[in-house]
Amino acid sequence: MKNQSRQEPAVRPAGFTLVELLVVIAIIGILIGLLLPAVQSVRAAARRIQCANNLKQIGLAMHNYHAAYNSLPPGTIQRGTSNAAETHVINWAISILPNLEHEALFKSYDPRLYNGHDQNLPVLKTLLPVMRCPADSDSNQLHVPTQFRDEPIAPGSYKGVAGRRWGSQNGYWDYPPFASQAKSHLAGRGPLHMVGIGNHDCETFDTIRDGTSNTLLVGEYHTKTKPDRKAYWASAHSFHSLGTPQLESYTRVPDWEWCNGPQAAGGMFWQCHRAFASLHPGGTIQFVLGDGSVRSLSENIDGRLFEDLGTIHGGEVVAGF
Amino acid sequence: MTRLLLTLALLVAAGCGGESYPLAQVSGTVTLDGKPLPEARVFFEPKRKGENINSGFGSTATTNEQGRFQLTSLGGDSGAVIGEHYVLIRTIRGEEGPNGQVVIVSREKLPSRYHDQSTLIFTVPPDGTEQADFALTSDP
């Protein structure tokens, strides 16, 4: 016995024991486990910054547009009170294309025809990186939106801020049956609303009485369900390119289906059409403000404050913002 | 080893927590002109305190035949964020038609002062309540 144990070290083959190997593998596993979430969060942060950068560009383009025309672009232009495709003319995103160095694309769009006209479709089908946030899911390919002709068009990730919702059933202040010059409605207007009905005109930095640093201009909208409910950057339908900050917190969740679910809007699906939400971690929703600054708001924001930030003429106190 | 893992888990949990909004159990009754109001949707949206612009996620519920409701947070847990809330109560419900038009399934029975222009405020106490009662009237 003594002899055998003395010989053991010589018999043992060169290399690691199973335990040693397992320990090394475990340590590597733990290290990778620690590293992977860090890498993922760095990638998510990079995507968020890219989205903020797009918003910054859009904000600058708005300012350049204002310098040239002494007015903000129209949120959308509507030729009549029906929702027929022929009534939609143009939206804010197409209007600022020359200020985003897309002069040629802008020139190929004919606003004398309607938005979804065959001749304008190539513009609507253009995937434009500045209008797309890399964190937005499935937005790098064309989809067929609801309430549009049966044609796939390019999604976007941003919506213009139109103002308040006052009533039920699509009761957005600028929406056909509601668009009026009534004082209560005018108090709900935002910087980029429907123009052409109810005698509403484009806004200017002068009409943003609440102050450009207290007014949201353009914000993010993503949804991980229902690609037909995405934002569509070049569509002049108000549900595709305009949003309305709303009181209810389910309108700040990036999931159209859930927004209309039994726990949330529960059948008031019209609230989800004009929602703002993003797929960034922590429920951050980014906006460019009238002064050109980009701010991150939380999905946990006070809903009334959020509504107030979307109006230009509400006269609200937004202390702490 | 277990202790090490536990410590790691604790560190991660502590590092990732943002603002938290503690919940309390809330139930109550909705009546319209003194009668219980069934099938009404109740929405609680937290109101901010002071200069903090964030206030947490809302809670919802639907009243039963007796007009009773119990709030569930939109985050999935039972209850509502402690503190003041904007309250909305509606009975309208719709469905989407083939071209996106609104098909009304249930009409709005309540005046707009209870929903679209609501001024209702309710304070959820730290230990919750079973008396979140709303006596509504249908006069305009």
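**Conventions.** I took the model as predicted, with local features requiring pLDDT of at least 70 and side-chain atom pairs counting only at pLDDT 80 or more, while totals for chains, interfaces and linings use all residues. Residues are numbered from 1 along each chain as its sequence is written, chains are lettered from A in the order in which they are written, and side-chain values use heavy atoms, with hydrogens and water left out.

**Chain B as a whole.** I looked up the secondary structure and found one helix and 13 strands in chain B, where helices are DSSP runs of H or I with at least four residues and strands are runs of E with at least two, numbered from the N terminus. Of the 140 residues of chain B, 45% count as buried, which is to say under 20% relative accessible area, with over 50% called exposed and the range in between partly exposed (1.4 Å probe, protein chains only). I also noted that 65% of the contacts in chain B (heavy atoms within 4.5 Å) between residues at least 6 apart in sequence join residues at least 24 apart.

**The interface.** Chain B brings 35 residues to the contact and chain A brings 41 residues. Between them the two chains bury about 3100 Å², of which 53% is on carbon and sulfur atoms; this area is the accessible area (1.4 Å probe) that two parts lose on being put together, summed over both. B:Ile53, B:Phe57 and B:Glu96 supply 20% of the area that chain B buries against chain A, more than any other three residues.

I then turned to B:Glu96, which forms a salt bridge with A:Arg229, the closest N and O atoms being 2.9 Å apart. The count between the chains is three salt bridges, each a side-chain nitrogen of Lys or Arg within 4 Å of a carboxyl oxygen of Asp or Glu. On the chain B side, β4 (41–46), β9 (83–90), β10 (93–96) and β11 (102–106) each supply at least two of the residues that touch chain A.

**B:Asp116.** I found B:Asp116 in the loop between β11 and β12 (121–124) of chain B, and it is buried, with a relative accessible area of 13%. Its side chain makes polar contacts (N or O atoms within 3.5 Å, one able to donate a hydrogen and the other to accept it within protein, and residues adjacent in sequence counting only if both atoms are side-chain atoms) with the side chains of B:Arg90 at 3.1 Å and B:His115 at 3.4 Å. Leaving aside neighbours within four places in sequence, B:Asp116 is in contact with A:Arg165, A:Trp166, A:Gly167, A:Ser168 and B:Arg90.

In chain B, what is the arrangement of B:Phe44 and B:Phe134? The pair is edge-to-face, at 6.1 Å centre to centre and 80 degrees between the planes. B:Phe44 lies in strand β4 and B:Phe134 in strand β13 (residues 134–136), so the pair ties together parts that are 90 residues apart in sequence.

How values were computed:
Rings of Phe, Tyr and Trp (its six-membered ring) pair if their centres lie within 6.5 Å; planes under 30 degrees apart count as stacked, over 60 as edge-to-face and the rest as tilted.
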